[in-house]
Amino acid sequence: MTYSIQVKDLTLNFGAVSVLKTMNLDVTEGEFIVLLGPSGCGKSTLLNCLAGLLEPSDGEIWIKGKNVTWAEPNERGIGMVFQSYALYPQMTVRGNLSFGLRNARMPKGEIDKRVARASEILQIGPLLDRKPGALSGGQRQRVAIGRALVRDVDVFLFDEPLSNLDAKLRSELRVEIKRLHSRLKNTMVYVTHDQIEALTLADRIAVMKGGVIQQLAAPQEIYNRPANLFVAGFIGSPSMNFLPGQTLDGGRSFDFAGTRIDLEGYEGGAVGTRSKAILGLRPEHLLIQTQPEPGRTIPATVEIDEPMGADSLVWLRAGDLAMSVRVPVEQRPQPGQAVHLRVDIRHASVFDSETEARV
Amino acid sequence: MTVQLKTAQNPRGPRPRRILNPTRLMIYGVLIVAALYYIMPLWVMVMTSLKGMPEIRLGNIFSPPMEVTFEAWGKAWNTACTGLQCEGLKVGFWNSVQITVPSVVISIIIASVSGYALSFWKFKGSETYFTILIFGSFIPYQVMLFPLVMICRELGIYGTLSAVILVHTIFGMPILTLLFRNYFASLPEELFKAARVDGAGFWGIFFKVLVPMSTPIFVVAVILQVTGIWNDFLFGVVFAGTKNWPMTVQLNNIVNATQGVKEYNLNMAATILTGLVPLTIYFISGKLFVRGIAAGAVKG
Amino acid sequence: MAHAGKPNPLFRNLTAKVATLPMVVTALVVFVGCSLWTVVYSFTASRSLPVNDFVGFKQYDRLFSTSRWDQAVGNLLIYGILALIISFVVGFVLAAFLDQKIRWEDTFRTIYLYPFALSFIVTGVVWQWILDPGLGLQSAVRSLGWDSFTFNLIASPKTVIYALLIAGIWQGTGFVMVLMLAGLRGIDEDIWKAARVDGIPAWKTYLMIIVPMMRGVMVTALVIVASGIVRLYDLVVALTDGGPGFASDVPAKYVFDHLFARANLGQALAGSTMMLLSVLIIVVPWAYLEFGRKKGR
């Protein structure tokens, strides 16, 4: 397997604060990796280190089999797209696209050829002689992508490229980036805090927190089998319901505030007996019914519901715990109604309270 | 002046209920009285400079001239005496130009590069030096005057244009560096990063990316420096040497000469001439001047 | 291309370091070096040339027993306190009034600020003429028929300091006003809406809410104006030349005269060290506050 990017024991400290903690990450050629996490998790820092815009305290970065840890950004064979577009306001679109090539003293014919190709791919040909100030947000971001494109590099770095756009444009450009990837087959490293972008774009997602990769896996894997409580809570909207309790009978059932739930059919490892554990249930993996089923349901009272078009999000109270359930809008119960929540145990996750890891 | 109000599109303070109420009248009254106090010296200056001496001795300083004469202006420019020389203010004017132009250019070049380096290329200790520099700008010049004289003597430039240019460059640096640093720091850092990915180096980023988009701040810096250096008295009198004295020093010598009859019309004409360059800049630049002093001061 | 190892940190961003060299040299040699030199040599018996003859606090003893220095310090105190109060009160009132959606706001502002573009020398010379007892304001009012009108600040040692004050206020208040106006404009409009909904009268809103919110601008203006006052020199030279006698003398002029006219270096350096001390008393607490605030954030 050829690696496009290898991050080896990368560490970065700002004074006493450690932003990246001995990080390791291998990206295969042509892969689309999304770095996902809340702000301050180190995802942008990692990207800036890959670009050579930040110097690591320790560790190495290899791109295309070369150690580039101390190389200048333009020597690394990367192109980068920024959140604020970062277009040079006094240059035309053409000037913006060709600035890097002119700095590299590339012959004019070759520059023109590359600019033409990039503007053809991104359909920005008619804009070439305008200044960035005269462009819309979406057009600006296209130009910013074009600036990475003309460099004809193997690795694209995206730093929250769609965060400044409104919802509609964001979904349009998301599709466009995906199309670009399938056409160019470059390696792409994409930083975002938006899980929809991560789930839709990525071949693999690296969920980060506190300068550490919490889980690196394909989107479906992350969604269905979150490695720990943080990943489980961060991915999915609304958030997963966490039921505190304990496991009984060597891991055959779960006790939540006196309600026993069968763990038969749980698709994880051996659960075992744990005096403190957490059962994680996504809102779409619960069913509202009127009849109790021993070992399968949790009694709850409906508080409010939030209809959202096709679905409705129902908020309930089970003991002291607030829970949410997603139901089709025509099946929503009345507030105040006492109901029973049926657990789909195949999609549940059990976490150890101490280690917070999935069992 | 009639007080006439339109409803404000975008009220800031409390909006007036009625078109003409006592509070509004009081506000306009105070503003107008204050304006008269501020305008009065300019009026007196111009009126006096246009009168002949006999009329000045008899008349009232506020009254306009009965007979307008520009004689005092000509004398002030061409033949007014400072000490033993009687070549007029024009000598001082050209000295001031020779001092101001290089000082402004050199100090802005150095300060813009320093401000750029400080905002994008931080290295260990750079902020410390900058803090010292800003603190230093509060130190009274008298404290550093004599050591600077000694340094200039060592360099063999004491009493020359070079000395006064050097001193102006030094003392212009804190405020200008601060001005440029704050401006560059307000630009998106991603622009700088993008330029680095595009392979531009320290000077490439500065000249190709930052300078072309920073015209306003350079204009503000020029305004600030031209006004400040043109108006300087202390450094001119100490460092420039007698034959290079700037206009302010000459003006003071003309007006406060102890011998001879006082020619007030000539004095006022000389005063206006000395104030003309900064006043012109002020009236032309308007908002930029205000922006300059506010930017330089509000976030010190 | 790819570098094998970590480059020497000394040569990292080398161009940037070279480019900031003028700033570093100025900071260290001029602002630190020259100031320290002055402090050190204020303890010597230097006359026209600096000598290494250290005499302890002798220069300071002489300084404090000199009536001219006492006069200069006293003048500066009166001038400084009054100038600060007046320019802040007037500056704030003008700014607050200008902030009421006034017609000709730009014209008013231009008029209030233009003296700030003029040098102290020009300011001093103009006011010397206006305050001239024989032909200036006093005679103009008398010629209108009010024969007993007296406005002769310049000739009397007791009042000459107020002549300086009038000229100084004229030159500098516009600057304070502009800063205050910038501060007022920086305040969230919703504050005004909230105050109006709560039915708080405008003057009370200014006093209880707006002024405290403008603390930052106020303190900055105070530091700048106050450290400018300590330097007061050109205006005195042009308006009164320190006279009559030494009645309008100020520390900066005392230092200058002893430095150049009187060739008494030790005295001059002791005087300037005292000036440095007074500026430090103004600036250090402010810097401490600013620094403390930044750390707290």
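## Where chain A meets chain B

In this predicted model, 17 residues of chain A touch 14 residues of chain B. On the chain A side, the elements that put in two or more residues are strand β6 (78–81) and helix α2 (93–103). Of these, α2(A) gives the most, with three residues.

What sort of residues make up the side of chain A that touches chain B? By class, there are eleven nonpolar and six polar residues, and no charged ones.

## Two domains in chain A

The contact between them draws five residues from domain 1 of chain A and five residues from domain 2 of chain A. On the domain 1 side, the residues that touch domain 2 of chain A divide into three nonpolar and two polar, with no charged residues.

## An open sheet in chain A

Chain A also has an open sheet of four strands, and if you walk across it the order is β2-β1-β4-β5, with antiparallel pairing. Which strands stand at the edges? They are β2 (17–28) and β5 (66–67) of chain A; each has a single partner strand, so one side of each is left without a neighbour in the sheet. As a reminder, strands of a sheet pair through backbone hydrogen bonds, either parallel or antiparallel.

Zooming in on one pairing, strand β1(A), residues 3–14, runs antiparallel to β2(A), and the two are joined over eight bridges.

## A helix crossing in chain B

Over in chain B, helix α3 (residues 71–78) packs against helix α13 (residues 264–285). Their axes are 8 Å apart and the packing angle is about 65°. Why call α3(B) and α13(B) roughly perpendicular? Angles from 65 to 115 degrees count as roughly perpendicular, and the angle here is about 65°, so that is the label this pair of helices gets. As for handedness, α3(B) passes α13(B) in a right-handed crossing.

The residues that α3(B) brings to the contact are B:A72, B:W73, B:K75, B:A76 and B:W77. Facing them from α13(B) are B:N265, B:L266, B:A269, B:A270 and B:L273. Sorted by class, this helix contact has eight nonpolar residues, one polar and one charged.

Definitions and conventions:
Residues are numbered from 1 along each chain as its sequence is written. Chains are lettered from A and ligands numbered from 1 in the order in which they are written. This is a predicted model: local features need pLDDT of at least 70, side-chain atom pairs count only at pLDDT 80 or more; totals for chains, interfaces and linings use all residues. Two residues are in contact if their C-beta atoms, placed from the backbone, lie within 7 Å. Ala, Val, Leu, Ile, Met, Phe, Trp, Tyr, Cys and Pro count as nonpolar, Asp, Glu, Lys and Arg as charged, and the others, Gly among them, as polar. Axes are lines fitted to C-alpha atoms, for helices over the stretch in contact, and angles run from 0 to 180 degrees between N-to-C directions. Angles under 35 degrees count as roughly parallel, over 145 as roughly antiparallel, 65 to 115 as roughly perpendicular and the rest as oblique. A crossing is left-handed if the near helix is turned anticlockwise from the far one by less than a right angle, and right-handed if clockwise. Two strands pair if DSSP finds at least two bridges between them.
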